[in-house]
Amino acid sequence: MNISYDDVQGTILRGYRVERARHFILRIDDKAGAGELILKLVDGQLGLPPITTAQRGQQKPVHFLNISFTRVGLSRLGLSDAQLQTFDASFYKGATDPGVAADVGDCDESAPQNWIGGLSDGSQVHALLSLWVDGGEEQLESASATLRRAFSEYGVAELSAQNAVALPDNRVHFGYRDSIAQPTIDGAPPRKRSIPDDQPSVATGEFLLGYLNESNGYYSLQPEELSLNSSFAAFRILEQDVAGFESLLQTYAGQLGMDAEMLAAKVCGRWRNGNPLTLMPNDEGSTLPPDQLNAFHYVSHDAKQDDTLGLKCPIGSHIRRSNPRDGGVVGAGSPSHRIVRRAMPYGPEYDPNQPDQQKRGLVGYFINASLSNQFEFVTSQWILDSHFVKSATGPGGSEQGNAFFNISGEDVFLGVNHVDQSSFTDARPGHKGQNNKLITGFPRLIHTRGGAYCFFPSISGLRYLAQLASG
Ligand code: HEM
């Protein structure tokens with residue numbers, strides 16, 4: 001089935017590549033007013049372009065707008081509880097639910113009760129309106145002023161606005177180049193600045209409701225008007241301790257007999273310039289051309305190319321945990337658990353020569369058709385656990401080791417990493433991992449400062465909701 005791009009909210013299928021973003025966290029006080037506001041946004045009647053769709057225009061616009069709702073928000077607009085119970089089970093519970101929070105590592109300081117921007121009380125968070133601007137501060141502020149006038153006119157309260165600003169060269173705050181690997185989605189518009197990869201494309205239904213998914217089924221919900229072309233997302237505000245990360249590299253690199261940059265590459269799976277360790281295992285080199293940056297697998301019959309054991313790219317590195325590609329995992333493999341990442345940095349760039357206490361991190365959406373089977377699965381089973389790796393030997397046989405023994409602890413980036421439990425394995429050849437080196441005792445580096453589980457309706461779904469609320 002062809003996707004009607006003009007019925008799909010743009011951020012699901014397109015990366016906008018912009019300078020800055022602002023996410024408005026909203027509470028709906030006036031149901032009918034919110035209905036009118038949704039319609040004005042969809043039709044572009046506020047002096048801003050209409051809600052951005054996946055249909056590209058001739059020219060790149062300055063403003064991009066997308067809107068999503070929480071379960072409480074949809075209930076405010078008039079959906080019944082019986083209908084909402086047909087939605088993704090985790091979405092129904094919401095990001096502040098204690099069980100959900102525990103599953104994704106939102107504990108201790110990162111627990112929902114400590115979240116900022118009004119996100120700590122899930123009952124008050126109804127909608128997220130995201131504005132992306134390919135331009136300067138002025139353009140962001142003037143578009144924000146227009147939206148804020150509309151919020152007060154239509155009875156919508158702004159709980160907070162979460163800003164993001166791109167860093168040079170698409171970097172994130174730990175200094176790595178980002179936005180390289182994204183799933184290729186069947187039927188989606190081709191990525192403009194395409195970074196091809198040779199992983200299998202992923203069934204449309206993993207990202208849009210109403211299409212066949214990787215399990216040959218369909219994610220759908222009631223009412224039908226909201227089912228086709230919609231999607232779910234985890235909105236996250238993730239604060240990064242950059243000084244802590246640099247100090248980890250300095251402290252532990254020596255223990256592993258490598259320099260800090262090599263350890264930085266090992267914990268991520270890519271060098272800071274974006275080159276994958278699988279292709280560049282020994283040194284960073286100059287950045288590979290785009291068509292090579294993502295063209296790799298972990299398993300090969302060719303001994304030179306094979307990395308079953310994670311001797312080049314550790315099995316516990318961030319990219320290998322969050323997408324094990326063809327590496328053997330317990331249960332369904334990678335294609336069933338891919339995620340579209342639409343997050344940008346916030347806060348000023350960190351200068352190691354002038355360490356400061358400013359808040360900085362990553363904010364945005366992790367998009368999928370099933371929060372339970374994608375975002376939550378990846379986080380709880382792969383990022384926060386190390387028991388998902390199947391027993392496997394490489395072309396060198398079991399004397400070289402077994403993948404099963406070559407991972408420990410949680411993701412160095414995203415793990416909860418209590419100091420008495422944290423651990424990262426640098427695998428070395430040897431029977432049952434006997435020569436492996438482990439680093440332990442490092443602290444948590446990324447803290448959750450906010451989150452919400454969101455539903456992105458299709459454009460026709462937005463019209464349906466507008467009518468429901470106004471009616
Ligand atoms: C502040 C938090 C985070 C940082 C600093 C970070 C950093 C990175 C970096 C540097 C890459 C490599 C660039 C690329 O392949 O495009 C990457 C890839 C990736 N990250 Fe994260 N990430 C963060 C949060 C998350 C979260 C919350 C998830 C999902 C639960 C996630 C899932 C992924 C995935 C799926 C990939 C691509 C892996 C692949 O296909 O090879 N990341 N991340």
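I began at G257, which takes a positive phi of about 70 degrees just after α8. Helices here are DSSP runs of H or I with at least four residues, strands are runs of E with at least two, and both are numbered from the N terminus.

I noted that this is a predicted model, in which local features need pLDDT of at least 70, side-chain atom pairs count only at pLDDT 80 or more, and totals for chains, interfaces and linings use all residues. Residues are numbered from 1 along each chain as its sequence is written.

I then checked the length of α8 (residues 242-256).

Which residues of α8 are buried? I found V242, F245, L248 and Y252; buried means that 20 or more other C-beta atoms, placed from the backbone, lie within 10 Å of the residue's own. An α-helix has 3.6 residues a turn, so residues three or four places apart point the same way. The cover over these buried residues includes β5 (231-240), α9 (260-268) and β9 (437-440), judged by contacts (C-beta atoms, placed from the backbone, within 7 Å).

Next I turned to the ligand. There are 27 residues around the ligand, counted where the C-beta atom, placed from the backbone, lies within 6 Å. Y176, I180, A181, S322 and N323 come nearest. I recorded that β5, α11 (318-322), β7 (361-368) and α12 (375-383) each give two or more residues to this shell.

Note on methods:
Expected span 1.5 Å × (residues − 1). Buried ≥ 20, exposed ≤ 12 C-beta atoms within 10 Å, placed from the backbone. Contact = placed C-beta atoms within 7 Å.
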